[in-house]
Each structure stands twice: as C-alpha cells, then as structure tokens.
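Q: I would like to learn how to read a few features of a protein model. Where do we begin?

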Amino acid sequence: MAMGQPVRLVLDASLLLEPSATGEAAAVALRPGAEALLRRLRYSNLSAISYVDGMSTNESGFLEMVTSSHSFGYIPLLAKSGDCSPNDLMLEWSRTSSCFYMTSRVDKGLISELRNHNWRVVSVGNECSIEVPGVLNVGRLQELLLTLATLIKREIGDSSVLVIGYVMKQSREEDFARRGAFPIYPSKDGLIFVPLSFELPLSSQLQEVDTVLHKITDEILKIDPNCSIDFPKGISFSSGMSEIIRFVEEHPDICIIDQFKNIYPLLDRLQIQNILVQLQELGTEGKTKLRAPYSLKVDNFHDGELDKHIAEANLSFPLIVKPQVACGVSDAHNMALVFQIEEFSNLSVPLPAVLQEYIDHGSKIFKFYVIGDKVFHAVRNSMPNASLLKPSSGGEPLTFNSLKTLPVATKEQQLQTRVQDSKSVDTDLVEEAAKFLKELLGLTIFGFDVVVQEGTGDHVIVDLNYLPSFKEVPDSVAVPAFWDAIRQTYESKRGKAQT
C-alpha cells in the first residue's frame, strides 16, 4: 500500500449491533462503544466511510458507510446465497484499494476467501484468529481504531508515518474532528490520529503510538492553588491521566505535546502574570507598549487594608476579579467586575483571587493563536467600556462566567465606543511577543488574548492558555499548520534524542 491509495473499511453488522437487535430495534441497539467508533470514523478521511442515520440487520449482510450519500446501507456480502465467495464489488475493491474487513462473527469460508483476495481481516471479541491464518484478533471494540491505525502504517511501509494518540474531552475532540484535524487515513504530513482509551490498559496503547497529544487540563479533578509553585503537587488528575503521567516519567524518550511541566504554569493566574511581565523586555522607547495587566493577589475580600493594597499595586476601580486557578475546575472562570470597595463584601468569586485592572478596549478583543511556527489572530466582540457597564450593575458587582455569560457590547455600545478594527492592533509587535512566549514556555500550540487600551494604545495580554481550539482561524490554514506543528515537535524531539 502506498500513500494516496484508498482505504476501504467494511464493518460487519455483528460488530456494531447487539445480537438481539432485529428489525426497527436495530437502529438503536448498538453495542457498547459502537456509537463512539462510528462518530470517529465519520471524520476519519477513510474511503467509503460516513455515518449512521438508521440501519437494519440480516445474517448475510455487512455494513458499509458510503461517503457520497452520507448514509449506511446493507449490501450482499456473498456472490449468491449459500456461497462463501465475495461478490464482484468486493473483488473490485481489492484490486484498487487497501481493504479491511472487521467482524465479530466466525465464518471461516468467507474469511478465507477474503484473505485470498488480499483483504485484511480483524476479528473482535472471538478467537477465530487462532483457527483462520492471517486474521488479527482484538478483544474489544475500543481497540479497533488503534489496531486499524497500526495496520495502515504497516501497510504503507513508510517509517515517516506517525501515529498520534490523543487525550481530550469529547466536545473538544469532536470540534477538532469535524474540522478534519484528526484523520485516521494519513494526512499530507503522514499523521494518523487515534484516541487513547481509558477503558483499556494504557501502557500497551502508549507503546503503539509515536506521539501523545493531550489536553491535560480536561482531566483535572481538583486543584489546590496554594501549591501552585509546586505543581503538579496539589493537582488531582483522572486515573487515566495519572497513568499516562507515570508512563511518561518512566519513558522520557516518548514525544509528548506538550511536556506537562511546561503547561503547569498556565494553570495559575499568578504564574501567568509572572510570565507576562517579562514582555517588558520587548519594549523600546517610541514603540507601542506591550504589557501584562496590573494585578494583585488577595486571600481575603474582607481585609481591612484591601483598599491600601489596591492603591499600592497601581490599581484603581473598576477591577476585574478572577480566581487564581486559571482552568481545569468548574469555577475557574467565575469572575466579577467590581466598581467600588464596598462590593467586595458579598463577592462570590473563589479565593484566592487575582484583582486585575479593567481595561477599556473598545469592546474588541484580539485572539492570537500560536501553532508551531505560525501565528494567527482573529477579532471578537468583547465587554463594553466600564462607563457603559456600571449603570447596569445596580450597585452590585457584575458577575459572569467568562466561558458562558461574558457581557458583550451591544451594537449601540460599539458605536458609542468607536469600535476598533484589526488595523488598530500592532500585529508585528504581538507576533514578536508570540515568538518570545513560545521560546519561554516551550509549547507547541497555545493562545493568548490582547486588548488595546483606549487612550494609551497599550497592548495588554489578558489571558494565556494551552491547546486552544483556534476555531476562528479558517480550517484551510489552521489544520495544515496544526499537522506541521506536531510533525516539527516530533522531529525536534527525535533529533535531540539522537544527539
């Protein structure tokens, strides 16, 4: 099999449907793990793969997914009833494609015929591989994608093809997959993406992949901000993520995107602040100022000298109040805008917290994404200037979740504040900062938010995060950059290991 040759994957109905599923009930009686398998195959870039929107079963049929119609249908498996010979279509496929047949039922005659016509056969959940030469047996449906990925890599016979095992929450995975970023058929960079399953032993999976791509913050259960200097001490991870961390510690040569120690500082807003203040090294006289927001850590909103501490930190009202924990837990994005000292009395933002200056920025925020050696940015609507928010606060702090309920300027407010456009941001300066941060952080893919302060024109970086979705960047440029970044990081890691 050469790169570019089509791959046809045929799934026998026995693989997906409960044995008792018949007639209309078969449309919903999927085996455990079948729905996730079909969802992932839909965006896998394999030939003849699409998604289920209804199916029925019969004993001599197999399920094939047809890209052109985006539906599943049954076609006869055998040339004629009672014969074990594949039909003409099956034979045609074997001449033009690399073909894989996956089943959970034992049919020695059929399997032997398929093998005679160069089909690769994988049996799930039975022992037919012992009785039929050339059949690969796997124990569970969840093993199928990684098995398929390693088979495809072996068929291609190109050592430069990499299998990337990834770990992230389902919604994030689906977002990447829908954009075509997670193909099982190799990308133009020779990358194959497969999910790592926490339902299976991870050590064996990790030995089969060349690189691990992870969003470690998706697997945080609890975090103690008082341990931020000593992270990962104080962080409780899911059992699956903990196993991956242990494996990486025992196998330091494995390529991880990105190294855990490089990500831990981004879990804490105080550490982020300490990173961002180093941007002042980029400043030169007569040049636009790029800086971190002025900030102050507080452990108690009822501190009698809080107003004094605020003044000493070069802060003034209004202030935006954020939890010190930046991500990974449910309340990390619960924030408040406070207009006067009295409003701290009943504030519900988790402690310890970070007080930051609220920067009037014309209701626009510039989201920058660093993907390998590429830098992209997009413009999004943001919170209005403070003078427009205060009248609506009713003398109370304005609370919100920055992922869900961020107050966004109305069209009228945007007109009042003379909305800035993308020309108002100094992209050369910010791209210089992006390169500086990439070198400082040692990250492959990260993002940060910039606001341009009205009046001064200061460029203030107000957020920094690892492996963002970069959904504002067109897929046509973002996905190839994503693949290139992974390839570059792997090659760099391999080069260092060989020296």
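A: We begin with a strand pair. Strand 7 (residues 162-167) and strand 8 pair in the parallel sense, over 5 bridges. Two strands count as paired if DSSP finds at least two bridges between them. Helices (H or I, at least four residues) and strands (E, at least two) are DSSP runs, numbered from the N terminus. The model is predicted: local features need pLDDT of at least 70, side-chain atom pairs count only at pLDDT 80 or more, and totals for chains, interfaces and linings use all residues. Residues are numbered from 1 along each chain as its sequence is written, and side-chain values use heavy atoms, with hydrogens and water left out.

Q: Which residue of strand 8 stands opposite Leu162?
A: Strands of a sheet pair through backbone hydrogen bonds, either parallel or antiparallel. Here Leu191 in strand 8 faces Leu162.

Q: What is the strand order of the open sheet of 4 strands?
A: The order is 8-7-9-12, with parallel pairing. Strand 8 (191-195) and strand 12 are the edges; each has a single partner strand, so one side of each lacks a neighbour in the sheet. From one strand to the next the twist averages 25°. Axes for such angles are lines fitted to C-alpha atoms, for helices over the stretch in contact, and angles run from 0 to 180 degrees between N-to-C directions.

Q: Which residues form the aromatic cluster?
A: Rings of Phe, Tyr and Trp (its six-membered ring) pair if their centres lie within 6.5 Å; planes under 30 degrees apart are stacked, over 60 edge-to-face, the rest tilted. The count comes to 13 aromatic pairs. One cluster holds Tyr166, Phe176, Phe182, Phe193, Phe470 and Phe482.

Q: What lines the second largest cavity?
A: On a 1 Å grid over the protein atoms alone, a cavity is a set of points where a 1.4 Å probe fits but cannot get out; a pocket is an open set with protein on both sides within 12 Å along at least five of seven lines; lining residues have an atom within 4 Å of a point. Grid points are joined across faces, edges and corners, and a volume is the space filled by probe spheres set on the points. The second largest cavity has a volume of about 60 Å³. Its lining includes Tyr166, Phe182 and Phe193, which also belong to the aromatic cluster. Helix 7 (170-178) and strand 8 each give two or more residues to this lining.

Q: How much space lies in the second largest pocket?
A: About 660 Å³. Of its 27 lining residues, the closest to the centre are Ile256, Asp258, Gln259, Asn262 and Gly442. Helix 16 gives the most to the lining, with 6 residues.

Q: Which peptide bonds are cis?
A: Most residues other than glycine have a negative phi, and most peptide bonds are trans. The bond from Ile257 to Asp258 is cis, with omega near -5°. Asp258 lies in the loop between strand 12 and helix 10. The bond from Phe317 to Pro318 is cis too, with omega near 0°. Pro318 sits in the loop between helix 12 (306-312) and strand 15 (319-323).

Q: What is the phi of Asn314?
A: It is positive, about 65°, although Asn314 is not a glycine. Asn314 is in the loop between helix 12 and strand 15.
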